[in-house]
Amino acid sequence: MTISTFDLFKVGIGPSSSHTVGPMVAAKCFVEELFKQDKLQQVARLSAEMFGSLGLTGNGHGTPKAVMLGLMGEIPSSVDVDAVPALMDRVRENKTISLLNNQEFTIPFLVEKDIVLHRRKTLPFHANGMQFTAYDSEGNVIDKRAYYSVGGGFILDESEAEHGVIMEDDRKEPYPFDSGAELLALCKKHNFTIAELMMENELANDTRENIRAKLDELWDVMKACVTRGCEQEGTLPGGLKVKRRASGLYNELKGRYAEATDPLAVLDWVTLYALAVNEENAAGGRMVTAPTNGAAGIIPAVMHYYMDFIEGANQVGIRDFLLTAAAVGMLYKKNASISGAEVGCQGEVGSACSMAAAGLTAVLGGTPNQIENAAEIAMEHHLGLTCDPVGGLVQVPCIERNAVASVKAIHATRMALHNDGSSHIVSLDKVIKTMKETGRDMKTKYKETSRGGLATNVIEVPINIIEC
């Protein structure tokens, strides 16, 4: 599997990369396939069935909304988030949907009937399975396809999932690596930093100008997400009625720390950055999957820490941060998982913390060995972290969890920079392997089902309570 930096970091919408972004992409893929085969005009009815974690927590994660948007031809990176409520109201009121946003392909559509959330059924290859079926006017099946949302907005069709790889892959990669050891060996052999090696791999498929522009765009979206999160007030959608805190904290910090003497005041700012992003995510706003939506606040928070509190921070450092973080993220994607439904939150918040620690260590002058050490430290102390969203919403404990992990990433960096990086006992490869094994052994109820952990111990909170 060849993965680009821009596969791991994608502009999308909240609240979930696996439950919102992935289903939207899959739904669009399905109707596009029908169009390519000249079958779309035959469609009289279409059903979308969600299985496993998608069925259990789909309502809380906005899956029905995402499916409808995908069927209408919308994509996560460009959909107008402010227009989404009106689009959903139109589908529900008219009881029709225009496939690929083309009036010629308008069909009857009843949300409660045509989007099915299976709470006790799964598909064979992954916890996040979905199946789309198109029927003609006589009720005959025109086409039926299964897709899997495997974390971070990545989707696989049934053939790809069966083989465990993305089948169509024509990307060039002059310096391929499948392990941390291979990555370090390549850097040593060619005298590259990790960011330089990643840039060379990206240059095999794009120009330096385009790559830099895309990296800058990612940072711009992250900054805009923090800014918007600091401005919004009120409560987050869903039955938990979680109050947005970033705006209040921002105003407090501006006043209280204008002449701050508290040596730990910077931690409050890091907390603010993470809260702002994840509150925006929970509200269905636009952010960057980093590498998932549920963990989207960690990397932006640590990057803001770098830009706001590190002397000499600059745009070159931002690009190097993202490229280095992506290298580590690729190792988790290839060798374990970044899906909470597959390995628990250690695969989301844990991997994001590890990536953030790697990126920060790089821009603070760390060697490849120190970067690898920082990434390992960060994950080592997230092993076993469960994914137990209360009410199926990406709010409790997800928002605060991002803030805590952001601070952990900075701490991991500081620990790694005090060593040469070559003498630590646990390697990044070993901790990734351990994370995968831990996820495999973890009970299913702790993997994004809202049937275990905090999700069942917070009193009187119903499951799947958000209206989409």
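This is a predicted model: local features need pLDDT of at least 70, side-chain atom pairs count only at pLDDT 80 or more; totals for chains, interfaces and linings use all residues.

Author: Happy to; we can go from the whole chain to a sheet and then to a few single residues.

Reader: Good to know. What average pLDDT does the chain have?

Author: The average is 93, and 96% of the residues score at least 70. Take care with residues 463-468, where pLDDT stays under 50.

Reader: How many helices and strands are there in the chain?

Author: The chain has 20 helices and 9 strands. Its radius of gyration is 22 Å, close to the 23 Å that the globule rule gives for 468 residues, so the chain is as compact as a globular protein of that length. The C-alpha trace spans about 70 × 50 × 45 Å along its principal axes.

Reader: And what share of the residues count as buried?

Author: That would be 57% of the 468 residues. As for contacts between residues at least 6 apart in sequence, 75% of them join residues at least 24 apart.

Reader: Let's look at the sheet. In what order do the strands of the open sheet come?

Author: The order is E5-E2-E6-E7-E8, 5 strands with mixed pairing. Strands E5 (115-117) and E8 (155-157) stand at the edges with a single partner strand each, so one side of each has no neighbour in the sheet. On average, neighbouring strands here are turned by 20° against each other, direction ignored.

Reader: What about E6, is it buried or exposed?

Author: Buried: 8 of the 8 residues of E6 are, so the strand is largely enclosed by the rest of the structure.

Reader: Which residues point which way from E6?

Author: Asn-128, Met-130, Phe-132 and Ala-134 point one way, while Gly-129, Gln-131, Thr-133 and Tyr-135 point the other way. In a regular strand, side chains alternate between the two faces of the sheet.

Reader: How does E6 pair with E2?

Author: They are antiparallel, with 8 bridges between them. Phe-132 of E6 has Ala-48 opposite. E6 is also joined to E7 by 7 bridges, again running antiparallel, and there Met-130 stands opposite Tyr-147.

Reader: How many residues lie between E6 and E7 in their hairpin?

Author: There are 5 residues between them, and Gly-139 in the turn has a positive phi of about 85°. Going on to E8, strand E7 pairs with E8 in the antiparallel sense over 3 bridges. Tyr-147 comes up here too, with Asp-157 in E8 as its bridge partner.

Reader: Which strands does helix H2 lie across?

Author: H2 (residues 17-36) lies across E2, E6, E7 and E8, and runs at about 150° to E7. Helix H4 (residues 63-71) lies across E2, E5 and E6, at about 140° to E2.

Note on methods
Residues are numbered from 1 along each chain as its sequence is written. Side-chain values use heavy atoms; hydrogens and water are left out. Two strands pair if DSSP finds at least two bridges between them. Helices (H or I, at least four residues) and strands (E, at least two) are DSSP runs, numbered from the N terminus. Axes are lines fitted to C-alpha atoms, for helices over the stretch in contact, and angles run from 0 to 180 degrees between N-to-C directions. Contact means heavy atoms within 4.5 Å. The radius of gyration is taken over C-alpha atoms; the globule rule is 2.2 Å times the number of residues to the power 0.38. Buried means under 20% relative accessible area, exposed over 50%, partly exposed in between (1.4 Å probe, protein chains only). pLDDT is the predictor's confidence in each residue, from 0 to 100.
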